[in-house]
Amino acid sequence: MAGAEPEEQIRLPMFYQSWRDVTFLHWRYEPSAVHGLLPSGLEPDVRDGAAWVGLTPLRVERFRLPLLPPAPGVSSFPETNLRTYVLGPDGSDGLWFFTLEVDSIPTTVAARLGFRVPYRWAEMQVERNGPRIGYRSRRRGRPAVGHRIVVEPSAPLQAQELDEFDHWLTGRWRAWTRIAGRWADLRVHHPPWPLWRAELATLEQTLLTSVGLPPPDHPPLVHFSPGVDVRFGPPRFSR
């Protein structure tokens, strides 16, 4: 269930990685605008009468398989995911990824072939300039699809400053996919997100409209996290 604490343990991880300098941008949408983009079997996870769409740029670090060290040159890379929140075929809440832009061709190929997750190879950068963090992305082969985002994190949010909605948006413990025609969930486990205040200095993006969403007509909600260490479980098929 969505929330601050991990839903379940992952005793035999499939692989490990760290997520660093994570920015969460969220917009409200009419549920019908999102529902029409979902495959049969998924429904929008509606909150306060709205579906929610998140754009999340970050740095992936130290990708590794169990019992092996990170491979030099391919274990760290920028990533941006565009996702929405759904109820799966068994009623469990989770993520549906519209796209995952990533500056790693091995990750793109392995994720698309192995898990049918829509990774796309992009030219990307994550840079720090004083207190600000900038994220840039241009999809290879479609350079008009991408983003330029600059945020300025300020200070950690204390527990009493966070509410259940903050955790509902950020604390998600599975993503849905279809493998060989069957629904499966991909589970993650990590500590609760340390969330910070952040100001959005720059936002230029074409990812939302590229997947068929209407252009947003309001500023996004903004959260930032310095990051967490993550364990990924193997696919679990629905009955």
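Predicted model: local features only at pLDDT ≥ 70, side-chain atom pairs only at ≥ 80, totals over all residues.
1. A quick word on terms: "buried" here is under 20% relative accessible area, "exposed" is over 50%, and "partly exposed" is in between, using a 1.4 Å probe and protein chains only. Residues are numbered from 1 along each chain as its sequence is written, and side-chain values use heavy atoms, with hydrogens and water left out.

2. On to the aromatics. Rings of Phe, Tyr and Trp (its six-membered ring) pair if their centres lie within 6.5 Å; planes under 30 degrees apart are stacked, over 60 edge-to-face, and the rest tilted. The whole structure has eleven such pairs. In one of them, the ring centres of Trp96 and Trp183 are 6.1 Å apart with the planes at 70°, so this pair is edge-to-face. Trp96 belongs to strand β5 (residues 93-102) and Trp183 to strand β10 (residues 182-189), so the contact ties together parts 87 residues apart in sequence. Helices (H or I, at least four residues) and strands (E, at least two) are DSSP runs, numbered from the N terminus.

3. Have a look at helix α3 (residues 164-170) next. Phe165 and Trp168 are three residues apart there, about one helical turn. Both are buried, Phe165 at 16% relative accessible area and Trp168 at 7%. The charged end of Arg172 sits over the ring of Trp168, 4.4 Å from its centre; the test is NZ of Lys or CZ of Arg within 6 Å of the ring centre and within 35 degrees of the ring normal.

4. Arg172 has another partner. Its side chain meets that of Asp45 in a salt bridge (3.2 Å, N to O), the term meaning a side-chain nitrogen of Lys or Arg within 4 Å of a carboxyl oxygen of Asp or Glu. Arg172 is in the loop between α3 and β9, Asp45 in the loop between β2 (43-44) and β3 (51-64), and the two are 127 residues apart. Arg172 is buried at 4% relative accessibility, and Asp45 is buried at 9%. A search of the whole structure turns up 19 salt bridges.

5. What does Arg174 pair with? Its salt-bridge partner is Asp93, with the closest N and O atoms 3.9 Å apart. That links strand β9 to strand β5, across 81 residues. Arg174 is buried at 7% relative accessibility, as is Asp93 at 13%.

6. Seven of its eight residues are buried, so β10 is largely enclosed by the rest of the structure. Strand β9 (residues 174-179) pairs with β10 in the antiparallel sense over six bridges; strands pair if DSSP finds at least two bridges between them. The two form a hairpin with two residues between them, and Ala180 in the turn has a positive phi of about 55°. β10 also pairs antiparallel with strand β12 (residues 221-232) over two bridges, where Val188 has Phe232 as its bridge partner.

7. One last thing about β10: strand β13 (residues 236-237) is an antiparallel partner too, over two bridges, and Asp185 stands opposite Arg236. Asp185 also forms a salt bridge with Arg187, the closest N and O atoms being 3.9 Å apart. Both Arg187 and Asp185 are buried. Salt bridges with shared partners join Glu8, Asp185, Arg187 and Arg236 into one network.
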